[in-house]
Amino acid sequence: MSDLHASLPARGLWDRLTALFWRRPGLLVGVLIAAPLLWLGVVYVGSLIALLVQSFYSIDEFSGVVQREFTLKTYAELLRPANADIILRTVTMAAAVTVASAILAFPIAYYAARFAKGRWKAAFYLGIMLPLWSSYLVKVYAWKMILSKEGIISWAANGIGAGAVLDALLALPGIGGNSLSTSYIGTFLVFVYVWLPYMILPMQASLERVPQSMLEASADLGAGGLRTLWSVILPLALPGVIAGSIFTFSLTLGDYIIPQIIGNSANFIGMAVYQLQGTAGNIPLAAAFAVVPIVIMLVYLGIARKLGAFDAL
Amino acid sequence: MKRILTATTALAMALPSITVAQVKELGAGEGEVSIVAWPGYIERGETDKAYDWVTKFEEKTGCKVSIKTANTSDEMVALMNEGGFDLVTASGDASLRLVAGKRVQPVNIDLIPSWKNIDDRLKDAPWHTVDGVHYGVPYQWGPNVLAYNKDVFKDAPPKSWSVVFEEQTLPDGKSNKGRVQAYDGPIYIADAALYLMAHKPDLGIKSPYELNEDQYKAALDLLRGQRALVGRYWHDAMIQVDDFKNEGVAASSSWPFQVGLLASEKFPIGSVVPEEGATGWADTTMMAVDAPHPNCSYMWMEHTLSSNLQSDLSVWFGANPVVPAACEDKSGMQTKEGCAANGMGDFEKIHFWTTPTAKCSTGDCVPYYRWVSDYIAVIGGR
């Protein structure tokens with residue numbers, strides 16, 4: 001017996017570690033997720049908290065020095081007409097872009113999900129993804145050329161005698177401008193183009209999950225195409241629509257490149273943050289501005305969760 | 001390059017009169033020198049082989065040059081506060097802050113033989129000379145010119161900034177509405193103030209960077225009127241070049257850089273410094289108070305004044321050399337005509353960028369951070 005005992009090999013560090021992890025599985029999990037948790041906790045949440053704290057400071061009216069005392073003065077500044085304009089402008093644009101993307105994306109996603117087969121399906125995926133492979137800046141600059149006063153759109157419009165239509169469109173108060181590329185219409189078009197794939201993909205995923213049997217049942221019960229679309233397909237695909245809208249809405253809300261290049265230079269939230277923190281040294285107001293989209297998105301995500309959007313992601 | 005100004009405090013006004021010790025004599029090079037610079041300011045032939053003013057310096061002195069680029073004056077000041085760098089190419093809005101913060105040391109001009117070649121107008125410029133002490137060596141300067149489309153203005157270049165500030169019919173018979181641009185930076189308020197200085201003398205504006213509440217309000221009102229004329233505000237030089245070509249822009253405040261680029265593409269572009277004068281920028285090479293490589297730093301400062309470097313840099317950057325000889329002596333690519341186009345002859349008409357501070361020579365002025373929020377409002381249509 002004692003021989004058998006002695007023949008057990010001496011246990012090295014590795015063996016003991018393995019044994020420890022085997023006895024306490026929680027420890028292994030802890031070690032494995034420690035690094036990502038640290039990343040999320042310190043780098044991500046930490047910087048967000050630093051931002052939040054900054055937004056409660058204020059800038060001294062006289063000297064322009066940041067005062068590190070807790071105050072809500074900076075948030076009150078957000079309500080000044082010029083700043084409220086920026087928030088309203090950004091949110092309106094984000095909402096308009098989201099609605100337009102949803103309307104445009106639905107037929108595309110529907111065709112890709114239900115009718116495209118085999119090679120066509122692959123072609124569809126490729127067609128939707130392809131624009132995402134090229135640089136975002138290249139696309140925006142290309143659009144600047146397309147939309148410019150002497151660009152292809154106004155050239156074509158004049159060529160087919162529709163120049164007056166374009167002029168009438170640009171004469172619209174509020175959203176018009178000197179040319180497509182210096183008007184809100186242009187900014188809107190480019191936003192829709194750039195974010196459309198983010199709407200199509202989740203929509204397609206949710207449409208694919210609508211069972212064929214439901215559509216057949218709907219037809220058996222005498223519902224026409226429109227009725228089926230409205231009462232069966234749309235409600236079932238809604239989570240996908242909401243998921244897509246989270247992308248288009250939040251991406252538009254935070255973007256500061258497109259409105260800098262296309263549009264009439266009026267500030268969006270991102271541009272205001274960029275200017276206030278970089279050149280003005282008004283970090284508190286920049287931070288307060290940065291908190292606005294976070295709050296809007298938290299509310300939005302809360303509603304989306306209720307509607308089951310995360311089931312489709 | 002964006003020469004963006006930053007909000008400073010009243011620091012710049014409370015300059016120390018004590019003199020920090022300066023270098024008395026030069027020794028051998030330490031083998032390296034590190035410089036904080038604007039992008040494109042110090043080229044070693046990596047962007048374009050023809051533009052290289054580092055390699056030869058390194059071969060001659062054995063001082064390896066390392067460059068840290070900074071995009072804003074804020075960044076530059078922050079980097080210099082951090083320490084570890086020898087030199088910085090500071091603009092007028094950063095230079096006095098660096099002096100006031102005791103981040104840079106006085107420069108012993110006896111150790112810089114080429115000092116005598118510097119433009120007399122710059123030797124004692126107030127953005128680097130405090131109480132008669134020199135805190136740096138001038139590097140380059142340039143005006144913000146009025147660029148115009150020659151097809152629109154025919155043979156009569158605009159004489160006044162009014163073409164971008166007030167609605168009027170341009171020589172081609174069409175209104176300027178939607179066909180002019182303005183700079184997308186709060187410092188542009190100074191351009192409006194400069195215009196008012198000439199056209200509304202009762203406001204009593206002495207300097208476009210020192211505005212009291214009334215003067216400031218008048219400048220903002222002018223800019224609000226301008227908003228109706230401007231299709232897009234520019235901040236990116238390449239976008240402005242594109243807008244001149246594709247958006248039918250007739251006139252705009254601009255830099256010689258864009259004008260040169262458009263002219264090189266045979267675009268009908270012209271530029272003037274109008275009768276009201278213009279705003280502009282002037283940069284200075286300054287030396288950190290605790291520069292780890294003082295000898296190499298002095299060698300570099302001497303090198304920056306070489307006619308050849310000044311000549312090539314002024315072509316590369318669309319700026320003006322601080323050594324006037326560089327315009328004519330053919331030591332580099334610059335020519336007399338090139339200098340004239342960059343505004344070399346307009347020095348007296350240029351009001352160089354400085355940061356507006358709350359305390360100013362006329363008493364209380366509107367500080368820069370308010371310029372920022374108000375200019376955002378103006379562009380937003382408020």
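This dialogue goes through some features of a predicted model, chain by chain.

Reader: Start with chain A. How many helices and strands does the secondary structure of chain A come to?

Author: The count for chain A is 15 helices and 2 strands.

Reader: What percentage of chain A do buried residues make up?

Author: Of the 313 residues in chain A, 33% are buried. As for contacts, take those in chain A between residues at least 6 apart in sequence: 71% of them join residues at least 24 apart.

Reader: Into which domains is chain A divided?

Author: Domain 1 of chain A covers 1-42, and domain 2 of chain A covers 74-132 + 196-312. Taken over C-alpha atoms, the centres of these two domains are separated by 46 Å.

Reader: How are two packed helices described?

Author: By the angle between their axes and the distance between the axes. In chain A, take helix α5 (residues 81-114) and helix α12 (residues 225-254). Their axes come within 8 Å and cross at roughly 140 degrees. The crossing of α5(A) and α12(A) is right-handed.

Reader: Which residues in α5(A) meet which residues in α12(A)?

Author: From α5(A) come T90(A), M93(A), A94(A), V97(A), T98(A), S101(A), A102(A) and A105(A). They meet V241(A), G244(A), S245(A), T248(A), F249(A), T252(A) and L253(A) in α12(A). The residues of this contact between α5(A) and α12(A) divide into 8 nonpolar, 7 polar and no charged.

Reader: Now chain B. Into which domains is chain B divided?

Author: Domain 1 of chain B is 10-142 + 280-352, and domain 2 of chain B is 144-279 + 357-379. The C-alpha centres of the two domains of chain B lie 28 Å apart. Their contact takes 14 residues from domain 1 of chain B and 16 residues from domain 2 of chain B.

Reader: Which elements give two or more residues to the side of domain 1 of chain B that touches domain 2 of chain B?

Author: Those elements are α13 (336-342) and β13 (350-352) of chain B. The residues on that side of domain 1 of chain B divide into 6 nonpolar, 6 polar and 2 charged.

Reader: Where is E348(B) found, and why does E348(B) count as exposed or buried?

Author: E348(B) is in the loop between α13 and β13 of chain B. E348(B) counts as exposed because it has 8 C-beta neighbours inside 10 Å, and the cut-off for exposed is 12 or fewer. The C-alpha atoms of E348(B) and A278(B) are separated by 9.6 Å, although the two residues are 70 apart along the chain.

Reader: And backbone angles: what is phi of K154(B)?

Author: K154(B) has a positive phi, near 50 degrees, and is a residue other than glycine. K154(B) is found in the loop between α5 (150-153) and α6 (162-165) of chain B. With 10 C-beta neighbours inside 10 Å, K154(B) counts as exposed.

Reader: What is phi of K330(B), and where is K330(B) found?

Author: K330(B) is not a glycine, yet has a positive phi of about 60 degrees. K330(B) is found in the loop between β12 (320-321) and α13 of chain B. K330(B) counts as partly exposed, with 13 C-beta neighbours inside 10 Å.

Definitions and conventions. Residues are numbered from 1 along each chain as its sequence is written. Chains are lettered from A and ligands numbered from 1 in the order in which they are written. This is a predicted model: local features need pLDDT of at least 70, side-chain atom pairs count only at pLDDT 80 or more; totals for chains, interfaces and linings use all residues. Axes are lines fitted to C-alpha atoms, for helices over the stretch in contact, and angles run from 0 to 180 degrees between N-to-C directions. Helices (H or I, at least four residues) and strands (E, at least two) are DSSP runs, numbered from the N terminus. A crossing is left-handed if the near helix is turned anticlockwise from the far one by less than a right angle, and right-handed if clockwise. Two residues are in contact if their C-beta atoms, placed from the backbone, lie within 7 Å. Ala, Val, Leu, Ile, Met, Phe, Trp, Tyr, Cys and Pro count as nonpolar, Asp, Glu, Lys and Arg as charged, and the others, Gly among them, as polar. Domain bounds come from an automatic or database domain assignment. A residue is buried if 20 or more other C-beta atoms lie within 10 Å of its own, exposed if 12 or fewer, and partly exposed in between; C-beta atoms are placed from the backbone.
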